Amino acid sequence: VSETRTAAYVCTGCGIGEALDAPALSKVAQREGKMAIVREHAFLCSDDGVRLIRDDIANEAVTHVMIAACSRRAKTDAFDFPATAMARANLREGVVWAVAADDAHAEARQEMAADYVRMGCAELKKIKAPAGNAPAAANRRILVVGGGVSGLTAAIEAADAGHDVVVVEKSASLGGFAARLWRRTPAREPYAEPQPTGIDELIAQAASHPRIAVRLESRVAETRGAPGRFSVTIAQESGATSVEDVGAIVQASGFTTYDIAKLPELGGTCPHVIDQAELEVLARAANGGPIRRGDGRVVKSVAFVQCAGQRDDTGRHLPYCSGHCCATSIKQAMYFKDAVPDVDAVVLYSDLRMPGMGEDFYRSAQRKGVAFTKARVSGVEPNDGGCTVRFRDLILDADAAVDVDLVVLATGQVPSAGVDIDAPEDAQADVKPVSILNLAYRQGRDLPQLAHGFADSHFICFPYETRRTGIYAAGPVRRPMDLAQAVDDATGAALKAIQAIENAAAGRAAHPRSGDLSYPIVRLEGCTQCKRCTVECPFGAIDEDDKRFPVFNASRCRRCGTCMGACPVRVISFENYSVDSVGAQIKSIDMPDELSQKPRILVLACENDAYPALDMAGHTRRRYSPFVRVVPVRCLGSVNTIWVTDALNGGWDGVMLLGCRKGDDYQCHFVKGSEMAIDRMSKVADTLKQLGLEPERVITHEVAITDVARVPELIDAYAAKIVEIGPSPMKAFA
Amino acid sequence: MGDKQRRATMVNSRTGEARVHEARRPSSAHEEGHRIRKPRLRRNAARAGGPRPREHSVTRSIATAQTILVVGGGVAGMTAALEAAECGAQVVLVEKSPTLGGRTALLNRYFPKMCHPTCGLEINLRRLKSNRRVRVLTSTLVVQIAGARGDYTATLERKPRYVNERCTACGECARAVSARIPNPFNYGLDTLPAAYLPHAMAYPQRYVLDPSIIGTPEADKAKAACRYGAIDLDMRAERLEVGVAAIVWATGWKPYDAAKIQPYGYGRFRNVVTSVEFERLADPHGPTGGRLLRPSDAKPATNVAFVQCAGSRDENHLRHCSRICCMASLKQTQYLRDAGASGEDAGRSTIYYIDIRAIDRFEDFYRKVRQDPAVRFVKSKVARIAQDDATGDLILHGVDTEGYRRYAERHDLVVLAVGMQPEDNAGLPADLALDASGFVEGSRERGQFGAGAASSPLDVNRAAQSATAAAMRALSVVRERAAAEPASPT
């Protein structure tokens, strides 16, 4: 263990030297910051400036570097010193570019810069460069749950990339839903005819792959562990169990079709009304010849009812669109037309959804004589030998009916995502869902569901980021989708599984703090077993042991620091981010007295959105109050209330929290950080009352990264408010 | 020297180099150029003790052909590059414009969450900054691909940026020049100085000089204003070669040229704009500061027509459905709601559509918009648009096919929901299979893959998913290649 040796570097480039008294800042770093080495440079990010720092690291045994220059988001290429702890005082975007350049502001500007230097030095002394945690295990095998197209694709992709794979399939054979199809919709040029499914080849490829082991008639009875060291108990239908050690999991548990018995208004209980899956059975039986319905009669007329029990506004059926059904009905109409061209086939739809090159497939059906009618179907009833479909023809704006031999209801996909861990158990559907993964996790047995039962990511940019690290949903369990998309989806999920293994082996974080080597360190001797960390972790990374102490699973952790923010006894920290590293910054500033008329406002800003917005405000020279001191935080969820109470006790006049949007359309990259911060701050209100402070002394705002103009406005408005309510009475005691 | 041995040397120098964020590795165009391999200098350099990378820049690591070339630095390309790199692969990410971010950086909000693209871009940029395996080459085009699966040689051409890595983004050059150019990042709706930072989230965060001022006193003014020696007016285009095992084509999309849809009057009527332009109008960083103003008279637009399938689903234009336009228009109706105009006409929208393709969970968003009384839906392919010259208003003519009613509807702004077409596939290798609309299906030998909107008209979420899949396929190729190749000497 080497000794800590600190060095501070003050850059005078980009106008810093003109706007600020740099030698005075150096003095602050030296005398107050107690930096062992302090240097100034006119262009610190240049080769020459960087060499200066590097030489100190090499020759002066510097282990800790404080750079007072631009924002921590800028010049990351230049200021990159592996294994060296680094703090950055943001003098450029945060002071010189944010505060008016005139002489009237010279003093406020200098004070702000000096405080940032103090804060940088204070932080630096409380952090170390993360060494990374030694992985407990680095198992490279992958478990795939589900042996349909999604599961087999994921298995083959991972196996081809050199990973051993175990596929667990609950039924007696591989192939899943695709094995029940007669043909599939085309996925490449030409988009004209139904295509062979290719499922037999896919099954054969998986079955013969030297790296793939298949467990049929099996379920996952228990999953414990973490990426790199999952231990999975597999139970066979026969009762036998085995334990497989794997590094990551792809959950491709597929879907079931919506039960047409729930659609009596569409004739779901009539004999000649079937769903698309049932039609595939008839088509397979016909083997390219005329299609016969259940009673053996050749079908001469068929109607496809789109959106059956889907896109439902009444709350009785599926509210979403399953995406594939328009193409599936078109394909199935072609089964009839291709076998017997004079069969009447009509598709009754409200919006025909054939994205991309699917449009060509639609055109092909029109050429084959399939009829399309924009209609709202009001009922299907049996008649002599067939069915009558009643509908409102939306083009003719008239009621109409058609008699057909067979009606096919295009019903939707119901995801097999297991247990909804966020719903109370008794509130769940009539049929009790069976857990897919049986996770031995503190926060529940399956992946959290996003909406309508799908185990999807909430993030538009990051479709695979489920809230359980190392477990990736793929295929229709993630989102309604067709075969082609399921193949792509499973391929991507295989990559994510491999990535989780690589990350776990290297002891580094997964998205969004990819590559972060820090991880939560807990002083268990101080723990009161309050369980807040285990409950609040957005990623379910923390379990509890028999004595109800938290058990941190580093490779499940995303390093947001929500546990650190939650901990009332402050025993959780990261090597480079801790209650102390921020607390020391809060305590380090030069607090003016109450007569100075210089309020001090602490801004705790989410580093993902609010802090970049402030940076961009600086870039566009939007000015804001020089009374604020901004501390970037990993997530608002990492804000420990002690920071706020310390600030208030220390004489800060106001505390402003800037985080991301919460609620249904949350934008917090750590899911619920901002929500929890707001919840915690409501408790701070009591503290404020006890201290005799106005409730406005602590405020929270939801901001977006684009609020480049709004954030300075919010800051100025708050600064004005603080001036109005006057200095904190706590200043006298600080 | 045997072929195998030579290859090992080559690869060695390459992978050592590919650690883009290695400490103190200068990242200028110029420097980067030298540091890959130039034709002529290459191959023998490392072996023969020729120009070696500076000592501090090299960390020799896995020395086999673990490099993936990703072409295109939009959301799909960045995703493919990062996802592969976070699995341990070396990646060269090539982008033709001076910044990463692609078209998504030019969007105001994403459907259905109405969140901001720059939010995800910030995360991706941070992933990039902390990952030494991705080497970024902006202002760079792929000129040629030679070789085969597992062993391609890509010839790249770097256009001069005229600004090197010493740039601090202080902005003095932009303040010094007076020449202005149409702002490519606002689709030419406004202008910016000829020395510019592409946009607020540009990466690399470094200015660019527009080639139009090179050789003029304007360029000299910019150079004189720079205190950091960052402006290099002698930069020339240069060619580089990289050896890679697999290639991901994430070359993206471009909006269909609306002027080709003659009856809609784009280019003739100022208040007919495209959906991508409307996106810029709504963006606080856009030409109107986020206010939805008519181009003709800068009055707030309050009665907007959204014309769906402008170019798409039309065998005279784009035969495919562009998938995203319905959702984009549904989203854009909500910009009008947010614009805060008052009065009876505040923020009214009419969507003229053939089918509303709000696929899968997006149905929830469609339902929400449908319930908005300020949004009207007309099932109709608009036949023609006329302008009322006195007011600048537009009259839309067509037939409402629900009930076959002819209409002539007045709107103060028309937004054409233009289709997506592949950005530019003229230079793609012949080995790549394309579909009828020119989207990349992949190479026959499975060493090159399409990703994102280069492979199909996709929204951002699906583009990221598609790119992750492409990264998997590319990763398999490099791992296969690595396994087949003996470890190179260290």
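Analyst: Helices and strands here are DSSP runs, numbered from the N terminus; a helix has at least four residues and a strand at least two. Keep in mind that this is a predicted model.

Start with strand S5 of chain B, residues 151-158. Is this strand enclosed or open? Six of its eight residues are buried, so the rest of the structure largely encloses S5(B). Buried here means under 20% relative accessible area.

Now look at its partners. Strand S4 of chain B, residues 140-148, pairs with S5(B). The sense is antiparallel, and the pairing covers eight bridges. Find Ala154(B) in S5(B): Ile145(B) stands opposite. S4(B) and S5(B) form a hairpin with two residues between the strands. In that hairpin, Gly150(B) takes a positive phi near 90°.

S5(B) also pairs with strand S10 of chain B, residues 238-244. Seven bridges join these two strands, which run antiparallel. To see one pairing, take Thr155(B): its bridge partner in S10(B) is Glu241(B).

Next, follow the chain into the loop between S5 and helix H6 (172-176) of chain B, where Ala169(B) has its place. Ala169(B) is not a glycine, yet it has a positive phi of about 65°. Is Ala169(B) buried or exposed? Its relative accessibility is 2%, so Ala169(B) counts as buried.

Cys309(B) also has a positive phi without being a glycine, at about 55°. Its place is in strand S14 of chain B. Cys309(B) has a relative accessible area of 8%, so it is buried.

The loop between helix H8 (275-282) and strand S14 (303-310) of chain B holds Leu293(B). Leu293(B) counts as buried because its relative accessibility is 12%. Which residues does Leu293(B) touch, leaving out those up to four places away in sequence? They are Leu281(B), Thr288(B), Ala298(B), Lys299(B), Pro300(B) and Ala301(B). Leu413(B) is 120 residues from Leu293(B) along the chain, but their C-alpha atoms are separated by 8.9 Å.

Two peptide bonds deserve a stop. The bond from Phe111(B) to Pro112(B) is cis, with omega near -5°. Pro112(B) sits in the loop between strand S2 (90-94) and helix H5 (117-129) of chain B. The bond from Tyr203(B) to Pro204(B) is cis too, with omega near 0°. Pro204(B) belongs to the loop between strand S8 (195-196) and strand S9 (208-209) of chain B.

Finally, step out to the neighbouring chain. In the contact of the two chains, 102 residues of chain A meet 93 residues of chain B. Together the chains bury about 8300 Å², 48% of it on carbon and sulfur atoms. Asp77(A), Ile460(A) and Arg479(A) supply 9% of the area that chain A buries against chain B, more than any other three residues.

The count of salt bridges between chain A and chain B is 19. In one salt bridge, Arg367(B) meets Asp313(A), with the closest N and O atoms 2.5 Å apart. The interface also has 57 residue pairs in polar contact. On the side of chain A that touches chain B, H11(A) gives the most, with 13 residues. By class, that side has 41 nonpolar, 23 polar and 38 charged residues.

Key:
Residues are numbered from 1 along each chain as its sequence is written. Chains are lettered from A and ligands numbered from 1 in the order in which they are written. This is a predicted model: local features need pLDDT of at least 70, side-chain atom pairs count only at pLDDT 80 or more; totals for chains, interfaces and linings use all residues. Side-chain values use heavy atoms; hydrogens and water are left out. Contact means heavy atoms within 4.5 Å. Buried area is the accessible area (1.4 Å probe) that two parts lose on being put together, summed over both. A salt bridge is a side-chain nitrogen of Lys or Arg within 4 Å of a carboxyl oxygen of Asp or Glu. A polar contact is a pair of N or O atoms within 3.5 Å; within protein, one must be able to donate a hydrogen and the other to accept it, and residues adjacent in sequence count only if both atoms are side-chain atoms. Ala, Val, Leu, Ile, Met, Phe, Trp, Tyr, Cys and Pro count as nonpolar, Asp, Glu, Lys and Arg as charged, and the others, Gly among them, as polar. Buried means under 20% relative accessible area, exposed over 50%, partly exposed in between (1.4 Å probe, protein chains only). Two strands pair if DSSP finds at least two bridges between them.
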